[in-house]
Amino acid sequence: MANHESLPVYKTLYNALEAIYVNTSGLSYEIQFSLAERIKTGVVDVMFSIYKANLEQDNRVMYILDARDKMVNVTLRWKLLYDLEYINVDVYNAINDKFTSAIKQLISWQSYSQFIDEKQNVNVK
């Protein structure tokens, strides 16, 4: 089991979180402490699910699915922040690319984990 901080998906989301903090610091008080704060909290929640998935092999797929569900929430709010014109297209695309990469990594990790689980279940029988 790798340290969760060395997982590529974790690193990708950490970089996105840093970029979100940098690029939302100049927003109005209302937006910064409502929509932007929920985006940041959502990313942290996804990272915690990744930590749990890495820690608990028996429930790994469940935590990966949880992380994927939370990413839907994060990307929806991120798109809303852009659509309301609080961030420019370059910032939106840069961070959205990180989100897309993280989602693809989670899908791959889920597929691999399900394959391993099925393989172990066949060997037990």
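Which helix holds Leu80? Leu80 sits in helix H4, residues 60-83. Helices here are DSSP runs of H or I with at least four residues, numbered from the N terminus.

Before going on, this is a predicted model, where local features need pLDDT of at least 70, side-chain atom pairs count only at pLDDT 80 or more, and totals for chains, interfaces and linings use all residues. Residues are numbered from 1 along each chain as its sequence is written, and side-chain values use heavy atoms, with hydrogens and water left out.

Back to Leu80. Its relative accessibility is 39%, so Leu80 counts as partly exposed (buried is under 20%, exposed over 50%, partly exposed in between, with a 1.4 Å probe and protein chains only). Together with Leu84 and Tyr86, Leu80 makes a nonpolar surface patch of about 270 Å². Patch members have over 30% relative accessible area and no salt bridge, and nonpolar side chains are joined within 5 Å, like charges within 9 Å. A salt bridge means a side-chain nitrogen of Lys or Arg within 4 Å of a carboxyl oxygen of Asp or Glu.

Now the helix packing. H3 and H4 pack at about 165°, their axes 8 Å apart. That makes H3 roughly antiparallel to H4 (over 145 degrees; under 35 is roughly parallel, 65 to 115 roughly perpendicular, the rest oblique). Axes are lines fitted to C-alpha atoms over the stretch in contact, and angles run from 0 to 180 degrees between N-to-C directions.

Last, Glu30, in helix H2, residues 29-32. Glu30 is exposed, at 61% relative accessible area. Its C-alpha atom is separated by 37 Å from that of Arg60, 30 residues apart along the chain.

Methods. Areas by Shrake-Rupley, 256 points an atom, 1.4 Å probe, with all protein chains shown as cover. Helix = DSSP H or I, 4+ residues; strand = E, 2+ residues; numbered from the N terminus.
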